Amino acid sequence: MSQKMFTTQEISDFVDEFRANGGRPAGKYTGATLLLLLSGAEADGAPHVSPLNFYADADRYFVYAVNPGVDEDPRWLHDLRADPQATIEVEGRTLRVTATEVHGAKRDEMYARQAARYPQFTELQAAVTRLIPVVELLPTGS
């Protein structure tokens, strides 16, 4: 499994602040395009919560399994591969989504769009040997 980039407490603090701020990042993350992905389950049965950078395209959200500097996919991607039904909190809304990993030209296009907005995504890809997966999150309407 992947290494943690942030402590459990740092993630918990971010999630609390994100929710208290109506689904908008605050502090050093003000202006970032972040959502919360709720997938899998923790030991206590609560969903695993992952703050993720996203790219919105019409009614779809694309997220990137970066896991900075690590040649392993992050836990949330393993969760979605096991069960593609998840929930996201984005821009003050809570949505049920179906996750689909995108490949080939579509993956490359969506990764390039994100890298154009955030150049560090080019550096993140160069730092690992694996091709960083891209996942489409499509709201299910329920």
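In this predicted model, 6 strands close into a barrel, and the pairing is antiparallel. The order of the strands around the barrel is β1-β2-β3-β6-β5-β4. Neighbouring strands of this sheet are turned by 45° against each other on average, with direction ignored.

**A strand pair in the barrel**
- β4 and β5 (residues 93–102) pair in the antiparallel sense, with 6 bridges between them.
- Val90 stands opposite Arg93, which belongs to β5.

**Helices α2 and α3**
- Helix α2 (residues 75–82) lies across β1, β2, β3 (60–64), β4, β5 and β6 (134–139).
- The direction of α2 runs at about 50° to β1.
- Helix α3 (residues 104–117) packs on the sheet and touches β2, β3, β5 and β6.
- The direction of α3 makes about 95° with that of β2.

**Helix α1**
- α1 covers residues 8–20, which is 13 residues.
- From its first C-alpha to its last, α1 reaches 18 Å, close to the 18 Å expected at 1.5 Å a residue.
- The buried residues of α1 are Phe14, Val15 and Phe18.
- Seen down the axis of α1, these buried residues fall within an arc of 100°, so they line one face of the helix.
- An α-helix has 3.6 residues a turn, so residues three or four places apart point the same way.
- The buried residues of α1 pack against β1 (34–39), β2 (48–57) and β4 (85–90).
- Gln9 and Ala20 are exposed, on the face of α1 turned away from its buried side.
- Just after α1, Gly22 takes a positive phi of about 70°.

Note on methods: Residues are numbered from 1 along each chain as its sequence is written. This is a predicted model: local features need pLDDT of at least 70, side-chain atom pairs count only at pLDDT 80 or more; totals for chains, interfaces and linings use all residues. Side-chain values use heavy atoms; hydrogens and water are left out. Helices (H or I, at least four residues) and strands (E, at least two) are DSSP runs, numbered from the N terminus. The expected span of a helix is 1.5 Å times one less than its number of residues. Buried means under 20% relative accessible area, exposed over 50%, partly exposed in between (1.4 Å probe, protein chains only). The arc is that of the directions from the helix axis to the C-beta atoms. Contact means heavy atoms within 4.5 Å. Two strands pair if DSSP finds at least two bridges between them. Axes are lines fitted to C-alpha atoms, for helices over the stretch in contact, and angles run from 0 to 180 degrees between N-to-C directions.
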